Amino acid sequence: MEINGVCIDETYAEAFGAYAGRVLITACSKAWALEAARSMAGFGTSVIGCGCEVSIEGIEPQETPDDRPGVSVLLFAMSKKAVQEQLINRIGQCVMTAPSSACYNALEAEDRLSIGGKLKFFGDGFQISKRFDSRMTGNGTGPRRFWRIPVMDGEFIVEDRFGVQKGVAGGNFLLLGSELSGTLQGAERAIEAMRKVRGVIMPFPGGIVRSGSKVGSRYKFLNASSNTAFCPSLRGAVRSELPEGVGAVLEIVIDGLTPEAVGEAMRVGIRAACGPGVMKISAGNYGGKLGKHHFHLHQLLAEG
Amino acid sequence: MSPVVLHTKEIPTNIPLEAESISPDLFVERSQAEIEAMPVALGNESHRLGDFFKVEGERSDEIIIEGCAGRVKWIGSGMTRGRVVVRGDAGMHAGSYMRGGEILIEGNADDFLGVEMQGGLIRVTGNARHRVGAAYRGSKYGMQGGIIIVGGNVGHEVGAYMRRGLIVIKGNAEDFLGAMMTNGTICLFGQAGIRTGGGMQKGTIVCLRPVDLLPTFAYDCTYAPVFLRMLFKGLTQLGVEPPVPTNGLVRRYHGDLADVGKGEILIAA
């Protein structure tokens, strides 16, 4: 298969199940909401080393509970407990500390995690609970409880419980180019298009990974190591997957609330990437051992 | 499901009619004849509902009372579902112990409106009298959930011993608003009487006009709490337009320091 002269490898991206939460951060201005969100998403690129994958969702929320500017953040981890721990740590350390911020649940899910209910203790006994009827919040799914925690600029509002649901992490595709500059431009085009898809994040810096990994390592203390098969500098030293002429490879990793969202993001991303500077599109799979979600590139692109 | 319409007939005495049976939970599975046969009390005499109301319709969880029911007590008491519309005044105890559903009173409500309610929504377009959303004498807690919106004025001790939920008063309140409240939110657009929040332990009273506070309330600061933006947005969802901008500043006082002192009175600055 070819798109705009770019060859699409007949392979599949292998993704695994994860648990997801979605947080809506508001503040007195868009700039401060973004500041809090960026801080919360910091060091949240890969579950391999960060404990979770977290990033700002591309589509901005149209409406927020307090009618202030807001930013939506998605967080993925390997268990509900891990989602809870990461949300408590990151909201407590990065959102609560940001001036004028407030933090709300933005994921309607059956399973709920106590987040504000834990963070409230920062109020040292002066925290105040407010429970709003569903008629007031307009979501029609029962009352929502918020905690008002006294802080030095007024009060920090955080929702008592946050929804958690099963999602997909590790969707990916690889851009193979003759040199870095053109490959990076292709990846940037892909990211710009993928950010218009709701329910997905690309958690790596700018959405792009240059150090894609494989499972395992020759060192016992590491469970992941450099994806040597796609390192151009090792073409002669290892069993390489790279065709002649490829001098740079970049990966885009996608986490999504649903497999459909991940598939859609991959589809629009690959289409946008296919252009000058990119020779071939491939994907990372581990022989089906990593996860149950397989996104076959040809199938994806034929569907849309 | 078309509503059951109750047309009020003349009540022969000044004695109020005790009509706990006017509830969507009880009407929803009853035929017209069964509704007419439901018991009501006039003083110490038992009567049929049909003696005082002309009943139209059956098996519905929506009830419309046409005409003045100012002497009909306990309308919608303990209801958990459905809707009651009173096209006129409603008597004492309307919506007391209510747990769900909605009551709309297109007139005035008498004392004890929504007392000890746990959920649901009560709207009154006119005035309501004393102890709206409060506790009955001897009870530990008043309203424990739900929303009461009064379009006009209210009487004394509104929200007394309130534990949870929201009371919105568009008009004025008489004395002891939110007295002894242990939690919940009262939002007063008009003028408050004396001793607002007297004995309150926790909870929030938002006053959009100046209030003469008890000396057992201490000033904290003037600020713009985000919580108020959420509250006012929620009120807008309910069709209640707050008369001040949602980003307005408030003066925060905490008290009652003669008790726990964790309540707050927010007064528009």
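Lys233(B) sits in helix α3 of chain B, residues 226–237 (helices are DSSP runs of H or I with at least four residues, strands are E runs of at least two, and both are numbered from the N terminus). The model is a predicted one, where local features need pLDDT of at least 70 and side-chain atom pairs count only at pLDDT 80 or more, while totals for chains, interfaces and linings use all residues. Residues are numbered from 1 along each chain as its sequence is written, chains are lettered from A in the order in which they are written, and side-chain values use heavy atoms, with hydrogens and water left out.

Back to Lys233(B): its relative accessibility is 13%, so this residue counts as buried (under 20% relative accessible area, with exposed over 50% and partly exposed in between, using a 1.4 Å probe and protein chains only). Leaving out residues up to four places away in sequence, Lys233(B) touches Glu63(A), Thr64(A), Pro65(A) and Asp67(A) (contact means heavy atoms within 4.5 Å). With Glu63(A), its side chain forms a salt bridge at 3.1 Å, N to O (a side-chain nitrogen of Lys or Arg within 4 Å of a carboxyl oxygen of Asp or Glu). Across the interface of chain A and chain B, the rule finds three salt bridges.

Zooming out, 24 residues of chain A are in contact with 27 residues of chain B. The area buried between the two chains comes to about 2100 Å², and carbon and sulfur atoms give 57% of that (buried area is the accessible area, with a 1.4 Å probe, that two parts lose on being put together, summed over both). Of the area that chain A buries against chain B, 32% is supplied by Lys130(A), Arg135(A) and Met136(A), more than by any other three residues.

Gln144(B) belongs to strand β11 of chain B, residues 144–150. With a relative accessible area of 21%, Gln144(B) is partly exposed. Neighbours within four places in sequence aside, Gln144(B) is in contact with Arg131(A) from the other chain, as well as Met117(B), Gln118(B), Arg163(B) and Arg164(B). Its C-alpha atom is separated by 24 Å from that of Val226(B), 82 residues apart along the chain.

Then there is the nonpolar core. The largest one has 56 residues, and Leu6(B), Ile22(B) and Leu113(B) have the most contacts inside it (such a core is a set of buried Ala, Val, Leu, Ile, Met, Phe, Trp, Tyr and Cys residues joined through side-chain atoms within 4.5 Å). Beyond its neighbours within four places in sequence, Leu6(B) has contacts including Ile22(B), Phe27(B), Leu49(B) and Phe53(B).
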